[in-house]
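This note sets out points for a colleague who is meeting the structure for the first time. Please read the points with the model in view.

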Amino acid sequence: MTKHLMVFIVVVASILPQIGLAQTGNSWLENTMYESGKINVVIGVVVLMFLILLVYLISIDRKLKRLEKDDK
């Protein structure tokens, strides 16, 4: 589990600086999302999806390790 967590942290740490380099235009979509507060919902849903995926992958990894251990 620690290897997976470390890989996840490295991936997130490598993506975060790229967010700051994104273009800062004033598009209608950006203005609408920020003004109405919907951007918080979008970010929350994306984070929730990543967390669910992470938990699912960790549980599969544990089950696979248990099966490999029982096979030996």
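1. The side chains of D61 and K65 form a salt bridge, with 3.6 Å from N to O. A salt bridge here is a side-chain nitrogen of Lys or Arg within 4 Å of a carboxyl oxygen of Asp or Glu. A search of the whole structure finds one salt bridge. Side chains of opposite charge can pair when their charged atoms come close.

2. The model is predicted: local features need pLDDT of at least 70, side-chain atom pairs count only at pLDDT 80 or more, and totals for chains, interfaces and linings use all residues. Residues are numbered from 1 along each chain as its sequence is written, and side-chain values use heavy atoms, with hydrogens and water left out.

3. D61 and K65 are four residues apart in helix α3, so about one helical turn separates them. D61 counts as buried, at 17% relative accessibility, while K65 is partly exposed, with a relative accessible area of 46%. Buried means under 20% relative accessible area, exposed over 50%, and partly exposed in between (1.4 Å probe, protein chains only).

4. The protein chain has three helices and zero strands, in the order α-α-α along the sequence. Helices (H or I, at least four residues) and strands (E, at least two) are DSSP runs, numbered from the N terminus.

5. Helix α3 has 34 residues and spans 50 Å from its first C-alpha to its last, close to the 50 Å expected at 1.5 Å a residue; the expected span is 1.5 Å times one less than the number of residues. I39, L54, I58 and D61 are buried in α3.

6. Of the 72 residues in the protein chain, 6% are buried. Carbon and sulfur atoms account for 70% of its accessible surface of about 6800 Å².

7. L53 lies in helix α3 (residues 38–71) and is partly exposed, at 44% relative accessible area.

How values were computed
Areas by Shrake-Rupley, 256 points an atom, 1.4 Å probe, with all protein chains shown as cover.
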